[in-house]
Amino acid sequence: MEFNFFFIFILLILALCGVSHASADLAAEVHWKSVFPHTPMPKALKHRLLQPAAGNKPWVVTRKEDSINDGDYGNADPSMGFGRGSSISRTNITMYFFENDLYPGKKVKLEYFSKAKARNEVPFLSRRVAESIPFSSDEFPGILKLFSLKPESREAKAMNRTIAMCERRVIEGEDMYCATSLESLVDLSVRKFGNDIQVLSSEVEKETENQDFSVANEGTILMGEKDIVCHKMKYPYAVFLCHSLDKTAVYRVPLVGKHGTKANALAVCHRDTSAWNPNHIAFLLLKVKPGSVPICHFLMRESLVWVPNRFAH
């Protein structure tokens with residue numbers, strides 16, 4: 001398989017840097033404890049530390065994953081417009097919805113949310129290793145050579161989109177950065193909110209093929225009105241595009257599947273979309289205008305959300 005080379009490459013980088021798997025994991029955990037001495041590392045982060053190569057599977061982009069929608073059920077780029085003449089597929093999937101739709105009994109359809117095989121489980125690299133690997137559009141030809149990828153491959157196209165997203169211009173009221181290691185993910189989030197914060201992720205009780213859920217009777221919980229949402233991007237190691245937008249709320253939404261599977265999903269509601277591209281797909285789907293009404297979307301399980309503890313319930 002073409003992308004098997006990635007794991008050989010990472011092993012070589014680790015060897016050249018004098019870093020073992022264990023020491024890379026330890027460095028990330030030590031860094032976490034230095035910032036959050038009384039808070040265990042959440043599972044959502046811990047499972048992404050670099051694991052022994054034998055436990056990894058090659059990162060390969062399938063045809064279904066080869067799309068421009070790299071930002072969960074919504075798009076991570078509020079400046080992106082929907083091309084004229086383009087068509088929307090899978091319109092039955094819950095991509096965007098209104099804030100007042102978060103009521104008990106509301107039915108939603110979340111593609112890939114509860115399927116383990118759909119998750120991109122590539123690990124974090126240590127900061128030392130991640131910073132030794134080029135990550136920019138100017139260096140992209142060299143990146144392809146490092147990973148032994150052809151420019152026309154789906155993997156190369158996905159990587160190119162990820163870098164382009166990380167280099168895009170922000171809109172008014174938005175802060176954005178891309179984290180290529182756990183250490184940088186933590187530091188950049190702490191720089192925004194301080195260290196009295198917690199990280200959240202969507203969770204599902206068990207893996208299932210079911211995509212149909214209803215909002216449970218327990219009701220939604222408002223987790224914060226200041227947040228940093230970190231979208232898992234398509235790349236051969238863990239890269240998160242993290243951004244915060246003014247006037248945004250994060251909800252924990254209890255869901256129940258048609259066969260009884262329980263889940264806690266995170267939903268993000270953007271209460272001011274006036275600076276978004278007027279041709280953004282959300283406005284097309286919901287038939288509203290920028291800035292007219294709050295627009296929400298769910299986050300997939302790979303995504304992370306940082307919120308201040310002083311607000312969290």
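Buried, here, means under 20% relative accessible area, with exposed set at over 50% and partly exposed in between. Keep that cut-off handy for the exercises below, and remember that the model is predicted.

**Exercise 1. Work out whether C166 is buried or exposed, and which partner it bonds.**

Step 1. C166 has 15% relative accessibility, so C166 counts as buried.

Step 2. Now look for a second sulfur. The cut-off for a disulfide is a pair of cysteine sulfur atoms within 2.5 Å. The sulfur atoms of C166 and C178 are 1.9 Å apart, and the two cysteines form a disulfide.

Step 3. C166 sits in helix α6 and C178 in strand β3, twelve residues apart, and the pair links distant parts of the chain.

Step 4. Get the handedness. The S-S torsion of C166 and C178 is about -90 degrees, so this disulfide is left-handed.

**Exercise 2. Check the length of helix α6, then find what its buried residues pack against.**

Step 1. Helix α6 covers residues 154-166, which is 13 residues. At 1.5 Å a residue, the helix should span 18 Å.

Step 2. List the buried residues of α6: E155, A156, A158, M159, T162, I163, M165 and C166.

Step 3. Look across from them. The buried residues of α6 pack against α5 (140-146), β3 (174-179) and β9 (240-245).

**Exercise 3. Find how many disulfides the chain has, and describe the pairs C230–C242 and C269–C296.**

Step 1. Applying the sulfur cut-off, the count comes to three disulfides.

Step 2. Take C230 and C242. Their sulfur atoms are 2.2 Å apart, and they form a disulfide. The pair links distant parts of the chain, with C230 in strand β8 (residues 228-232) and C242 in strand β9, twelve residues apart.

Step 3. The torsion about the S-S bond of C230 and C242 is about 115 degrees, so that disulfide is right-handed.

Step 4. Check burial. C230 has 0% relative accessibility and therefore counts as buried. C242 is buried too, with a relative accessible area of 0%.

Step 5. Move on to C269 and C296, which form a disulfide with sulfur atoms 2.1 Å apart. C269 lies in strand β11 (residues 262-270) and C296 in strand β12 (residues 295-298), so the pair ties together parts that are 27 residues apart in sequence.

Step 6. The link of C269 and C296 is right-handed, with 105 degrees about the S-S bond. Both C269 and C296 are buried.

Step 7. Count the bonded cysteines along the chain and write the pattern: 1-2, 3-4, 5-6.

**Exercise 4. Describe the second largest pocket: its volume, its lining and which element gives the most to that lining.**

Step 1. Start with the space: about 390 Å³ lies in the second largest pocket. This pocket is lined by 24 residues, and the closest to its centre are P42, K43, A44, S201 and E203.

Step 2. Sort the lining by element. At least two residues come from each of α3 (43-46), β4 (197-200), β5 (203-204) and β13 (304-308). Strand β4 gives the most, with four residues.

**Exercise 5. Take the loop residues S148, K287 and N195 and say where each one lies.**

Step 1. S148 is in the loop between α5 and α6. Its phi is near 55 degrees, a positive value in a residue other than glycine. Most residues other than glycine have a negative phi.

Step 2. At 39% relative accessibility, S148 counts as partly exposed.

Step 3. K287 lies in the loop between α8 (281-286) and β12. Phi of K287 is near 60 degrees, again a positive value in a residue other than glycine. K287 is exposed, with a relative accessible area of 72%.

Step 4. N195 lies in the loop between α7 (182-193) and β4. N195 is partly exposed, at 46% relative accessibility.

Step 5. Now find the neighbours of N195. Leaving out residues up to four places away in sequence, N195 touches V35, F36 and V190. The C-alpha atoms of N195 and V35 are separated by 6.7 Å, though these residues are 160 residues apart along the chain.

How values were computed:
Residues are numbered from 1 along each chain as its sequence is written. This is a predicted model: local features need pLDDT of at least 70, side-chain atom pairs count only at pLDDT 80 or more; totals for chains, interfaces and linings use all residues. Side-chain values use heavy atoms; hydrogens and water are left out. The expected span of a helix is 1.5 Å times one less than its number of residues. Buried means under 20% relative accessible area, exposed over 50%, partly exposed in between (1.4 Å probe, protein chains only). Contact means heavy atoms within 4.5 Å. On a 1 Å grid over the protein atoms alone, a cavity is a set of points where a 1.4 Å probe fits but cannot get out, and a pocket is an open set with protein on both sides within 12 Å along at least five of seven lines; lining residues have an atom within 4 Å of a point. Grid points are joined across faces, edges and corners, and a volume is the space filled by probe spheres set on the points.
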